[in-house]
Amino acid sequence: MASLTMVDLVGCASTSSNASLDRYLWRKTLHSSVSQRAHGVRRSGKLVTCRLDSARCRSISTKSADTLPNGTPEVLLNVKRGQISLGTVFEVVADDLLILNQNLKSIVGAENPVLMSAAEQIFGAGGKRMRPALVFLVSRATAQMSGLKELTTNHRRLAEIIEMIHTASLIHDDVLDESDLRRGKETVHQLYGTRVAVLAGDFMFAQSSWYLANLENLEVIKLISQVIKDFASGEIKQASSLFDCDVKLEEYLIKSYYKTASLVAASTKGSAIFSGVDSSVAESMFEYGKNLGLSFQVVDDILDFTQSAEQLGKPAGSDLAKGNLTAPVIFALEKEPKLRDIIESEFVEEGSLQDAIDLVQRCGGIQRAQELAKEKAVAAIQNLECLPRGSFRSALEEIVLYNLERIE
Amino acid sequence: MATLVKLVQPPCPKGFTRQPWQQQQQQQQAKFCELQRFRLINPMKAAAQSSSPSSVKVSQIKENLYQALQGINRGIFGTTSGKKSEIQELVEQLESQNPTPDPTLNLHKVDGCWKLIYSTISIMGAKRTKLGLRDFITLGDLFQIINVAESKAVNVMKFNVKGLNLLNGQLAIVASFNIDSKSRVTITYRESTITPDQLMNVFQKNYDLLLSIFNPEGWLELTYVDDEMRIGRDQKGNIFVLERSEERIDL
């Protein structure tokens with residue numbers, strides 16, 4: 001299946017003010033058999049060359065206005081797209097991400113050879129760099145609004161700090177979960193032992209705190225420090241409600257916020273703050289990050305049920321087995337009281353875990369969780385409305401859609 | 001016979017490691033088993049001894065029971081229904097061989113300290129999480145000290161808290177009992193104490209939950225009593241299997 005790239009679509013946009021509507025139509029008429037590649041993407045996102053069928057492109061842009069449908073978020077969600085590839089979504093900020101990678105390795109590795117190898121292991125392990133990419137995308141999108149010509153050092157540092165915090169939390173999570181594999185590679189504690197893993201994580205939390213303080217922006221400092229606190233709160237909240245069938249959806253969302261969405265929201269808001277935009281825009285960016293983060297976590301929780309063991313890299317239903325009751329289970333518990341008994345028994349009986357997974361599927365728990373993910377996604381896209389239309393805003397939309405595609 | 005071989009090496013209940021100071025007990029057990037083997041090989045001589053075929057049968061059932069109890073931590077934190085049935089079956093077999101059908105007329109036989117080796121009460125799911133009995137606190141031994149002279153029974157639950165300087169403590173529930181029939185008593189809750197104070201802080205929030213699990217209130221049927229083992233069934237349908245213990249408990 002061909003991948004539809006954001007950049008190709010941008011290149012096809014006419015110079016008229018209906019650029020986004022043209023793009024929408026382009027998606028509708030394009031058959032998936034067309035494959036395209038983009039060349040030489042410049043920072044601003046405009047194409048240098050394009051192997052697209054430019055004739056088709058021109059014909060779309062001449063369509064009259066009254067036949068063009070509305071580009072509301074819900075409609076965007078329902079459009080059948082090709083598979084979104086994050087790599088190409090992030091191409092508009094590819095250079096920024098390259099610099100980030102180099103900086104990260106030098107920051108972490110500088111102190112100690114063991115930490116350097118651990119850093120190589122974790123930073124080289126094929127992470128998507130989604131959080132720093134979000135920082136760069138929001139930075140560039142909001143920079144346009146405030147007339148900032150180029151990203152500041154603060155923006156770059158913020159991205160590095162965010163990625164360090166994220167990575168530190170992953171290293172510690174793997175220790176807590178006793179996981180052997182992360183993204184197909186061995187975890188830090190598997191290779192170097194628990195001691196090194198704990199120290200590496202601590203070092204990164206400490207280093208990011210120091211860099212954060214040196215940004216000398218109190219609002220951002222408070223914002224990011226809160227995240228580190230939230231990580232711990234989320235883990236504690238989760239541990240204290242294991243196997244608790246009375247857990248409400250609200251509590252689950254709060255826990256998901258602490259564990260995932262908090263960091264994303266802080267990244268997007270922080271970027272907006274450093275761009276010097278209005279506080280209302282910064283707040284919208286916070287909401288975008290929060291809704292995206294929540295949508296992301298819900299999708300992850302759905303995949304834990306629906307994917308096979310090989311795809312997940314760990315046994316399916318492992319959240320449920322540990323007593324961590326996520327969105328699909330919470331919805332299913334409303335419909336099927338039998339599920340409660342099975343969960344309360346902590347799955348001692350042979351095959352009871354599989355019975356529970358089947359029950360969750362049959363009660364429409366997965367389906368309702370998908371609706372929840374979509375609901376948050378729609379909200380996230382709506383939060384982007386204050387941003388100027390362009391390649392960066394589109395990329396931010398694409399990220400939301402990419403996330404949903406994982407459960408289609 | 002496989003069982004003969006097993007008798008020579010007595011079964012080891014989980015958590016029981018042979019320490020030097022336990023060697024005396026081990027020797028006593030070995031002596032007991034030697035005696036049993038002697039009785040089996042020489043049935044005439046065995047008959048001449050005070051033991052009867054039924055006591056041999058009882059020790060066999062007990063051995064099977066100990067075997068079945070291996071690795072399930074007294075059944076409190078989850079057992080498969082298959083295992084539960086197996087143990088239920090063995091319990092019923094023992095009860096059918098009860099040498100003391102009128103325990104309340106022979107209360108001296110139940111007097112003293114007993115240690116729980118199996119129960120159908122369970123602490124699972126949300127209850128277990130709320131009480132911190134998952135990673136944070138470990139449930140140690142459970143004892144019951146019966147004081148016939150004062151018609152008193154004290155249930156003692158030992159706890160270990162990891163970290164916090166390896167805090168050890170206990171919950172003691174004091175109850176009084178009245179005789180209902182020749183095999184049944186009624187137990188009335190009197191008071192409960194957690195020592196030390198630090199442990200009380202840990203359980204403060206969920207104290208009622210803790211008590212509801214271990215509260216002995218209600219009637220208790222003594223369905224099997226001999227010198228080493230006691231089995232009881234309570235009003236809530238729970239089964240308790242206890243063995244004689246030399247443990248010294250501070251109350």
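A:D96 and A:R140 form a salt bridge in this predicted model. Their closest N and O atoms are 2.9 Å apart. A:D96 sits in helix α6 of chain A, residues 94-109, and A:R140 sits in helix α8 of chain A, residues 130-146. The two residues are 44 apart in sequence, so their pairing ties together separate parts of the chain. Are these two residues buried or exposed? Both A:D96 and A:R140 are buried.

Salt bridges with shared partners join A:D96, A:R140, A:E150 and A:R156 into one network. Over all chains, the structure holds 22 salt bridges. Side chains of opposite charge can pair when their charged atoms come close.

Now take a second pair in chain A. A:E163 and A:R129 form a salt bridge, with the closest N and O atoms 3.1 Å apart. This pair, too, links distant parts of the chain. A:E163 lies in helix α9 of chain A, residues 153-177. A:R129 lies in the loop between α7 (113-123) and α8 of chain A. The separation is 34 residues. Why does A:E163 count as buried? Its relative accessibility is 3%, and the cut-off for buried is under 20%. A:R129 has a relative accessibility of 10%, so A:R129 counts as buried as well.

B:E150 counts as exposed because its relative accessibility is 51%, and exposed means over 50%. B:K152 has a relative accessible area of 29%, so B:K152 is partly exposed.

Turn next to the nonpolar residues. The largest nonpolar core has 114 residues. Which of them touch the most other members? They are A:F90, A:I343 and A:I399. Helix α14 of chain A, residues 279-306, gives the most to this core, with 13 residues. A:I343 shows how such a residue is surrounded. Leaving aside neighbours within four places in sequence, A:I343 is in contact with A:F243, A:C245, A:L320, A:L325, A:V329 and A:L333. Another core lies apart from the largest one. This other core has 38 residues, including B:M157, B:V161, B:F177 and B:Y207.

Finally, look at where the two chains meet. The contact takes 11 residues from chain A and 11 residues from chain B. About 860 Å² is buried between the chains. Carbon and sulfur atoms give 51% of that area. Which residues of chain B lose the most area to chain A? They are B:M124, B:T129 and B:R134. Together these account for 43% of what the chain B side buries.

Charged and polar pairs also cross this interface. The count between chain B and chain A is 2 salt bridges. One of the bridges joins the side chains of A:E346 and B:R128, at 3.8 Å from N to O. Across the interface there are also 5 residue pairs in polar contact. Helix α6 of chain B, residues 125-130, gives the most to the side that touches chain A, with 5 residues. By class, that side of chain B has 2 nonpolar, 6 polar and 3 charged residues.

How values were computed:
Residues are numbered from 1 along each chain as its sequence is written. Chains are lettered from A and ligands numbered from 1 in the order in which they are written. This is a predicted model: local features need pLDDT of at least 70, side-chain atom pairs count only at pLDDT 80 or more; totals for chains, interfaces and linings use all residues. Side-chain values use heavy atoms; hydrogens and water are left out. Contact means heavy atoms within 4.5 Å. Buried area is the accessible area (1.4 Å probe) that two parts lose on being put together, summed over both. A salt bridge is a side-chain nitrogen of Lys or Arg within 4 Å of a carboxyl oxygen of Asp or Glu. A polar contact is a pair of N or O atoms within 3.5 Å; within protein, one must be able to donate a hydrogen and the other to accept it, and residues adjacent in sequence count only if both atoms are side-chain atoms. Helices (H or I, at least four residues) and strands (E, at least two) are DSSP runs, numbered from the N terminus. Ala, Val, Leu, Ile, Met, Phe, Trp, Tyr, Cys and Pro count as nonpolar, Asp, Glu, Lys and Arg as charged, and the others, Gly among them, as polar. A nonpolar core is a set of buried Ala, Val, Leu, Ile, Met, Phe, Trp, Tyr and Cys residues joined through side-chain atoms within 4.5 Å. Buried means under 20% relative accessible area, exposed over 50%, partly exposed in between (1.4 Å probe, protein chains only).
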